[in-house]
Amino acid sequence: MIMKTNATKLKWRIFGFLMFLLPIGALAQTPNAYLCGTGTVKLTPTFTGYAPVAGDKIIWSINGTAQTPVNYNVPADAVYNIDPGLAPGNYKYSVQVVPADANLCPSTASDDMVIEKLPAPAIAVNAPGSTYCTDQTASTVLTASRTNTTYTLPTGVSMTYAWTATKDGAAVTTITDLGTASTSGDTFTLKAGVAPAAYVFTATGSYATGGVQIVPATTCTATADKTITVTVKPGKATVTITP
């Protein structure tokens, strides 16, 4: 038993030592920003203790691969403009400057700027049926879900939904008059006894990124709707006998 305990301790020590040897970049990093759809940002470097001059070379690296050096002439030459058509995925950007003066040393590469590109959201809304009676139970549930499921959302990102509705074409001011949404909004449960009318329930889906900025934040949304018709249920009949 003692030998097993010692062996376990040794394994953990070795594991800890190996983790210590790993470069910081090998560990999972929380993105500095998320891009959505065709969103884009500019990466602007500042070199500590040095201001680039004409003739210097600015070298950006993406996921460890150096890009074609840029000849520096004006400040804009040092800026990296992320392509709006960038494919969804995780990208690490770093930069260094190589002075034109051969007596000066190239700078150390910057720390990684981590950018996570997310696909434009796409959602659908479904329900068990489209027509219900006024005495329908509260188990009538609308469900909103992502449809671009071929892309697995990274850790820390989720899709949340907000619900709105119209009644016979007019906006419903208080959605809770019709039912209750789940915490993340992926389901909306109708109340029993909803007034007869034609309702259109709309879900607006957006990415939740845990406080990390997402670009563009205001338009990175998707909507989908479902029409539900609530009809009057005839009252219970009474039967009389006549001669």
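Biologist: What is the strand order of the open sheet of 5 strands?

Modeller: The order is β10-β18-β16-β12-β13, and the pairing is mixed. Strands here are DSSP runs of E, at least two residues long, numbered from the N terminus. This is a predicted model, in which local features need pLDDT of at least 70 and side-chain atom pairs count only at pLDDT 80 or more, while totals for chains, interfaces and linings use all residues. Residues are numbered from 1 along each chain as its sequence is written, and side-chain values use heavy atoms, with hydrogens and water left out.

Biologist: What makes β10 and β13 edge strands?

Modeller: β10 (131-133) and β13 (170-171) each pair on one side only.

Biologist: How do you know that β16 and β18 pair, and which way do they run?

Modeller: Pairing takes at least two bridges found by DSSP between two strands. β16 (residues 197-208) and β18 (residues 221-231) are joined by 10 bridges, therefore they count as paired, and they run antiparallel. One of the bridge partners is I228 in β18, which faces Y199.

Biologist: What lies around R146, then?

Modeller: A polar atom of its side chain is 2.8 Å from the backbone oxygen of N148. R146 also touches A122, I123, Y151, L153, M159 and Y161, leaving aside residues up to four places away in sequence; touching means heavy atoms within 4.5 Å.

Biologist: Why is D168 called exposed?

Modeller: Exposed means over 50% relative accessible area. D168 has 55%, so it qualifies. D168 sits in the loop between β12 (158-167) and β13, and its phi is near 50 degrees, a positive value in a residue other than glycine.

Biologist: Which class of accessibility does N63 fall into?

Modeller: N63 has a relative accessible area of 42%, and therefore counts as partly exposed, the class in between. N63 is in the loop between β3 (57-62) and β4 (65-66). Phi of N63 is near 50 degrees, positive although the residue is not glycine.

Biologist: What kind of peptide bond joins V215 and P216?

Modeller: A cis one, with omega about -5 degrees. P216 belongs to the loop between β17 (214-215) and β18.

Methods: Helices (H or I, at least four residues) and strands (E, at least two) are DSSP runs, numbered from the N terminus. A polar contact is a pair of N or O atoms within 3.5 Å; within protein, one must be able to donate a hydrogen and the other to accept it, and residues adjacent in sequence count only if both atoms are side-chain atoms. Buried means under 20% relative accessible area, exposed over 50%, partly exposed in between (1.4 Å probe, protein chains only).
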